[in-house]
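Dear colleague,

I am passing on the structure below, and under it you will find my notes. Please read them with the model open beside you.

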There are 2 protein chains.
Amino acid sequence: MLKKKKFIPNWTETPPPEKSYRSIFKLGKQNEFKHPSYAWYKMMKKEFGLSDEDFRIKQKEGNEAVTLNKKSGLSKEQIEKFSEIVGKNNISTDDYARVKFSHGAMLFEVLDLRENKVSFVSDVVVHPRDKNDVKKIVKYCDEEKIPIYVYGGGSSATKGLTPAKGGVTLVMNTHMNKVLKLNEENHTAVVQPGLMGPDYEEALNRAPERFHAKRRYTCGHFPQSFELSSVGGWVVTLGSGQASTYYGDAYHIVLAQEYVTPAGDFKTYEFSGTATGPKVNDIMKGSEGAYGILVELTMRIFRYQPENRKRFAFMFPTWEAAVSASREIMQGEFGLPAVYRISDPEETQRGLKLFGADKSYINKFFSMFGLNPMEQCLCIGTVEGEKGYAGHVKKMIRKIAKSYGAVYLTGAPVRKWEKTRYKEPLMRDDWMDYGIIADTVEASVTWDNLHNLYQGVRSYIKNRPGTVCMTHASHFYSNGTNLYFIFILKPESMEEYTEFYKGIIDVMIEHGGSISHHHGMGKLFGPWMEAHLGKEQMGVLKALKSHFDPNNIMNPGGTLGLDIPDDEKRVIK
Amino acid sequence: MLKKKKFIPNWTETPPPEKSYRSIFKLGKQNEFKHPSYAWYKMMKKEFGLSDEDFRIKQKEGNEAVTLNKKSGLSKEQIEKFSEIVGKNNISTDDYARVKFSHGAMLFEVLDLRENKVSFVSDVVVHPRDKNDVKKIVKYCDEEKIPIYVYGGGSSATKGLTPAKGGVTLVMNTHMNKVLKLNEENHTAVVQPGLMGPDYEEALNRAPERFHAKRRYTCGHFPQSFELSSVGGWVVTLGSGQASTYYGDAYHIVLAQEYVTPAGDFKTYEFSGTATGPKVNDIMKGSEGAYGILVELTMRIFRYQPENRKRFAFMFPTWEAAVSASREIMQGEFGLPAVYRISDPEETQRGLKLFGADKSYINKFFSMFGLNPMEQCLCIGTVEGEKGYAGHVKKMIRKIAKSYGAVYLTGAPVRKWEKTRYKEPLMRDDWMDYGIIADTVEASVTWDNLHNLYQGVRSYIKNRPGTVCMTHASHFYSNGTNLYFIFILKPESMEEYTEFYKGIIDVMIEHGGSISHHHGMGKLFGPWMEAHLGKEQMGVLKALKSHFDPNNIMNPGGTLGLDIPDDEKRVIK
């Protein structure tokens, strides 16, 4: 008998047509692909009651060429003025550039682009050459009341760069993308905001060759969007890297900043500690382009010592055990791991399946240790730093994990994770070709509220029939962590999905989580800001807005909820 | 022959008369004394060319009873209103209370009080019972435009609580001085702002007995003013404890705050990391009562494990070697010491003399290691945390110190320092009884500017004939530290001293230091704020001021330089 050939969907393996919508929303490089494994495919089929038939015809691929039936809202003279400031070669008014630099990587933006729908577009795209260009642009825009949006790496997950009011988009990663100075004595690097993650890390790793430095360095910040994001973006959206538990969030890594604002320009001092009143350096972090434009940063750097890296992985018997052990580790005062992640049972179980590790003999192995496949939770991590330190921290982590019934799995799972850590999101495009959505939300949480938030959000998501929900915690502090919810579903309609999504944010707030642990607010979460922070704290953010930007030209149209009308604000019971 | 009896000045050993000026400015408890040793006395005599005769008659001791010829600036009705809010027993309008709670511990304030001079005094002293009292008071004062000043522990070194415009002084340590909650799961304590250092630490150390906790905890914050300062004061003035290199500055230790302001009341979330825009929690830190009144704090706490503490002391051959080794330690990524201090040659030399350790055989011992008494620099420190961690960090510090030519001195000098760490300032009163002033300034500095700042400030101070100047660095970060200058002199007049002092601050700014590393700005440094931070950053602080306190009732009269006229601003060339 002839064995039936295994059906594999025709995942897209060719770069999108040039100047197409798809070339804009496609994640990763144009010729870079990461397809769902066969195990993934089987799992999704089963999950959503689909058959191979459903994966024969792709939907709304967005392969069409970008065309805009929208004239620039700026006058010829205004565009001429920008051209004078930055030079003719550094402005674009063609449809493609206008659409490309008006979009980030948020799922709703992708859904629109797949339908060739462009809701918001900037009138002119400008590539400033240096901070003096930015100063002239801000001055001119303030005089003419032209909105300014900033495009760093384009990876915003919160509609941070959507030009809701048209105007000009400044692209920072064209020219303002350099390491200006490596200060080995101060352990700092002075960089421009458009510097992309991999270029920055490479410059630091190769510091002896590039800067005649005595040592090699690392930036310490490795978000999943590392390859697609800029250093300036990390800071203004309050990002966290996957190794933040040791190196800190972007908030902690940036030491000083220089801003251009309608109210004037300034550079903060490079002091770690100082007692000269509220710290303007910190006030600007997370301002998402609504107060001014970040034009230069001094970042802390760290010794690059990959040879010292220790890896570990454990299987905990339950989510409760994984959480309690993690808390004890973070409060243990023996140093901290760099990467540290715990997955809930659903993420663990699916993960094992996807790696083909759900075989009966593997389950037998775990059950020997009293672990139950439906309850067990995976933990992976690394320790960095000096050799003896790394060894000691790993030893202590093993000791604590063991006391909570965990089985040590060696460092192998971590090496596997390290290989694909930046590529996982690329699968999103494949799924969407067949109408399946993979999206995420995440919240900060204190230890004493973790289970409450976990159960509340998870129940809400799982309450929707046929919805995958995988959860992990990945950024740890002595007093809490974050919860990251990944959900996969096949929505009935955009409307159905949108309402479902809004409900998740409501539930997060109702259960005492923050709306975002490390993706910023953008225009996506603006409507929830007041419900989350309260009128008084929003009043502070608005007062700063009025000071910096009285004409509301800086990223207007919902950013941080600063300028949205009352009837668009989300009310939480 | 009869040996002449050693003359020892008649240091004051009795508590000041009740209700006297001295009872206000005296440091420490009324019956607590710490006199200069004979070695100290000899050194000062020699230094200033004095004889025993000069130490026979005390000057301006301030033993007179406080009397004010100044009526309250508030009406009877207004005072009646405060009485209604907090209860009759919780307000005072008598001269003594008004003067006492109008003064901190700054040297210029002491000099005034010794002359029975009261430049600024509040009209009524109020002891709020809880945050509801504070809310009513702020609301009423805002309506009536009555200035509000806050007295925490009374240890301000920057005229932070001087009631420059009269009005009401709120004393926080009378009633609002409690640990409200110990949250062992989150590793936090919720406290009231008037809680004094020793009470707080005692509550945490005795957590099992006090709160049925599983473990003992420590607050991690031990400024020299520990016994005289309040938790709220630590935060609003941006203090640093002596163990800040490990535990962080007050800025890092406070997790959430609740404020009452004329623009409304709010409480920030207890998230360590969150990406919901600029962090209002951080904006309030260092606001020194000029934006609102801190009424509750959530502080991070740490495991109390004194049994793990490791102590170390070294003698480095030179200041340069001590600085370079310290930098390498702070950048070594093997963990951090808790206490860590390096003294410059003058402080080291005088320190040895004061401890009677300048004997020839000791110098011979050091010279065996190639150390020169005129150049050598003392380093002392501790490591805290988990046992293995503490051991490893100490081992690494010894290794690095050795590579810079340091001689290990065991932990004995640290134990000696620990015994008197909070008591040293008490000697100030003795010196001043004989017209000698001991004062300090301190600045934040980056590593690459340390020697420049050190030389600049030291040269200026030493340029004044007969002036002792001892310098140390005591709060370390990977990218810099602080420089703490202690100077002792016998001023010709107050005018001479004031001009000399102002010159020091000018020189600090000119040489790229911050005006303060951990004492705040108060009204003392207000005139330098704009020269230091620039108009643009001052603009941000002023915009926040206008938002929170449009009627300028919160600590008005120079705090943070927010409301001083242009002609009072110090201009730096």
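Helix H3 (residues 76–86) of chain B lies across S1, strand S2 (124–126) and S4 of chain B, and runs at about 10° to S2(B). Helices (H or I, at least four residues) and strands (E, at least two) are DSSP runs numbered from the N terminus, while axes are lines fitted to C-alpha atoms, for helices over the stretch in contact, with angles from 0 to 180 degrees between N-to-C directions. Helix H6 (residues 131–144) of chain B also packs on the sheet, where it touches S2, S3 and S4 of chain B, and its direction makes about 170° with that of S4(B).

The model is predicted, so local features need pLDDT of at least 70 and side-chain atom pairs count only at pLDDT 80 or more, whereas totals for chains, interfaces and linings use all residues. Residues are numbered from 1 along each chain as its sequence is written, and chains are lettered from A and ligands numbered from 1 in the order in which they are written.

The sheet itself is open, with four strands of chain B in the order S1-S2-S4-S3 and mixed pairing (two strands pair if DSSP finds at least two bridges between them). Its edge strands, each pairing on one side only, are S1 (91–92) and S3 (148–151) of chain B. S3(B) pairs with strand S4 (residues 168–171) of chain B in the parallel sense over four bridges, and B:Val150 has B:Leu170 in S4(B) as its bridge partner.

Between the chains, 73 residues of chain A are in contact with 74 residues of chain B (C-beta atoms, placed from the backbone, within 7 Å). H21(A) gives the most to the side of chain A that touches chain B, with eleven residues.

Best wishes

How values were computed: Two residues are in contact if their C-beta atoms, placed from the backbone, lie within 7 Å.
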